[in-house]
Amino acid sequence: MVLINENFLQLQNSYLFSTIAQKRAAYQAAHPEAGIISLGIGDVTQPLCPAVVAAMHEAVNEMAQAATFRGYGPEQGYDFLRQAILEHDYLARGVTLDEDEIFISDGSKSDTGNIGDILGAANVVAITDPVYPVYVDTNVMAGREIKILPTNASNGFCAVPPDFHTDVVYLCSPNNPTGTVLNREQLTAWVDYAKREGALLLFDAAYKAFITDPELPQSIYEIPGAKECAIEFCSFSKTAGFTGTRCAFAVVPKALMGQTAAGEKVSLNALWNRRHTTKFNGTPYIVQRGAAAIYTPEGKAQVQQTLAYYRENAKLIKSALTDLGFTCFGGEHSPYVWLEAPAGMTSWDFFDLLLEQLNVVGTPGSGFGPSGEGYFRLTAFGSHEQTAEAIERFRNYFGKK
Ligand SMILES: *Cc1c(COP(=O)(O)O)cnc(C)c1O
């Protein structure tokens, strides 16, 4: 019989979203009249903007004519999209990159998971906690040793470099689930750590479009020296509603080197290019045309309109809950508000209370890692109306005590 990869047996089963769905369904069945509102949505809800839709329609028409039909494209992505990214995401922020340092893909989930293909199994990996579970799970699958870097109220849920050596560090900023953002000083401390330790930073910037403060970096490459120690992951998912459409990119600078056990230096860009062109056959032309449309003047304005819609929800949630005495993190430069459950309550206790007393569903923080216990994630991806109604229920329940 075939042997399995036994590392998969080390994975912890995640019952987070299925348990939430079960509890919600059970409550609804027992209380058919209850109007349950979800502030637990981890997916965008607003449609693709008109500029994106028009570009995709046009691309479909091109596919319908032999003269303009496209088959396999370059695995790394079309020039028009890579150039638009270079210009608008990087040059506009003072970062110069070459086109062959950008790799278009079908998602940052795939990229952050697949990057391990080019990294040795003996690397020790540091992962902040709580965080997006993909980093831990994919490294468990690869059998790597993982060191957890806890974040909590005392460090403002912002990861600081540890006082021990690691080879690879995953950073997610703005963070999912805590909504916290690393500023220039904090990122500089990480780049300094990476250079001192010879470590590789894997920087997940999936939520960078939510940043409004011009002083906050949107790319790790805004920090001097980062091109020698960091890979960056960006996605059109949260920026422009591509969660169902699928388009993202990884940046692997050519200055970035790894080494063999014998000490020979090897370009990570060359390895990723080999991996990407071997295991991936390109993001659809139609999708890349849609993604490129977010960089046109109309596309930019429309994307900002949608982001403003979510930001307004985040602001309302955060300000109302803070007024009610909750300790909150995030909610600015992020669609996530991270709040502390009332004293003595676990994340799941608080989930049950919100479901039963307010008919509001959120996400227990403990589902994102041990340091999330006692915390709770609310998201800004709902409608204005539902968000406002949920907040009214918080005011009615928690305001009168
Ligand atoms: C949503 C999300 C992504 C984006 O994933 P896609 O596969 O590009 O949709 C990446 N990282 C984090 C932390 C996320 O929450």
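## Basis of the description

The model is predicted: local features need pLDDT of at least 70, side-chain atom pairs count only at pLDDT 80 or more, and totals for chains, interfaces and linings use all residues. Residues are numbered from 1 along each chain as its sequence is written, and side-chain values use heavy atoms, with hydrogens and water left out.

## Overall fold

The protein chain has 12 helices and 15 strands. Helices (H or I, at least four residues) and strands (E, at least two) are DSSP runs numbered from the N terminus. With a radius of gyration of 22 Å, close to the 21 Å that the globule rule gives for 401 residues, the protein chain is as compact as a globular protein of that length. The radius is taken over C-alpha atoms, and the globule rule is 2.2 Å times the number of residues to the power 0.38. Along the principal axes, the C-alpha atoms fill a box of roughly 65 × 55 × 55 Å.

Of the 401 residues, 51% count as buried. Buried means under 20% relative accessible area, exposed over 50%, and partly exposed in between (1.4 Å probe, protein chains only). Among contacts with a separation of 6 or more, 72% come from residues 24 or more positions apart; contact means heavy atoms within 4.5 Å.

## Surface and charge

The accessible surface of the protein chain comes to about 17700 Å², and 53% of this belongs to carbon and sulfur atoms. Accessible areas come from the Shrake-Rupley method with a 1.4 Å probe; for residues, only the protein chains shown count as cover.

The chain carries 30 positive and 43 negative charges, and their mean positions are 1 Å apart. Lys and Arg count as positive and Asp and Glu as negative, while His and the chain ends are not counted. Each charge is placed at NZ of Lys, CZ of Arg, CG of Asp or CD of Glu.

Strand S6 (residues 200-204) is mostly covered, with five of its five residues buried. Leu200, Leu202 and Asp204 point one way from S6, Leu201 and Phe203 point the other way, and all are buried. In a regular strand the side chains alternate between the two faces of the sheet.

Strand S5 (residues 168-172) runs parallel to S6 and is joined to it by five bridges. Two strands pair if DSSP finds at least two bridges between them. Within this pair, Tyr170 stands opposite Leu202 in S6.

## The four-stranded sheet

An open sheet of four strands has the order S11-S12-S15-S14, with antiparallel pairing. Strand S11 (328-330) and strand S14 (363-364) stand at the edges with a single partner strand each, so one side of each is left without a neighbour in the sheet.

Strand S15 (residues 375-379) pairs with S14 in the antiparallel sense over two bridges, and Thr363 stands opposite Arg377 in S15. Strand S12 (residues 336-340) is joined to S15 by five bridges, also antiparallel; here Phe376 in S15 is the bridge partner of Leu339. S15 is mostly covered, since five of its five residues are buried. Tyr375, Arg377 and Thr379 point one way from S15, and Phe376 and Leu378 the other way.

## Pro217

Pro217 lies in the loop between S6 and strand S7 (230-235) and counts as buried at 3% relative accessibility. Leaving aside neighbours within four places in sequence, Pro217 is in contact with Arg93, Leu182, Asn183, Arg184, Leu187, Ile211, Glu222 and Ile223. Leu182 is 35 residues from Pro217 along the chain, and their C-alpha atoms are separated by 8.1 Å.

## Backbone details in loops

A cis peptide bond with omega about 0° joins Asp129 and Pro130. Pro130 is in the loop between strand S3 (124-129) and helix H5 (134-141). The peptide bond from Asn176 to Pro177 is also cis, with omega near 20°, and Pro177 is in the loop between S5 and helix H6 (184-197).

Phe157, a residue other than glycine, has a positive phi near 55°. Phe157 lies in the loop between strand S4 (145-150) and S5 and is buried, with a relative accessible area of 3%. Arg246 has a positive phi near 75°. Arg246 sits in the loop between helix H7 (236-240) and strand S8 (248-251) and counts as partly exposed at 30% relative accessibility.
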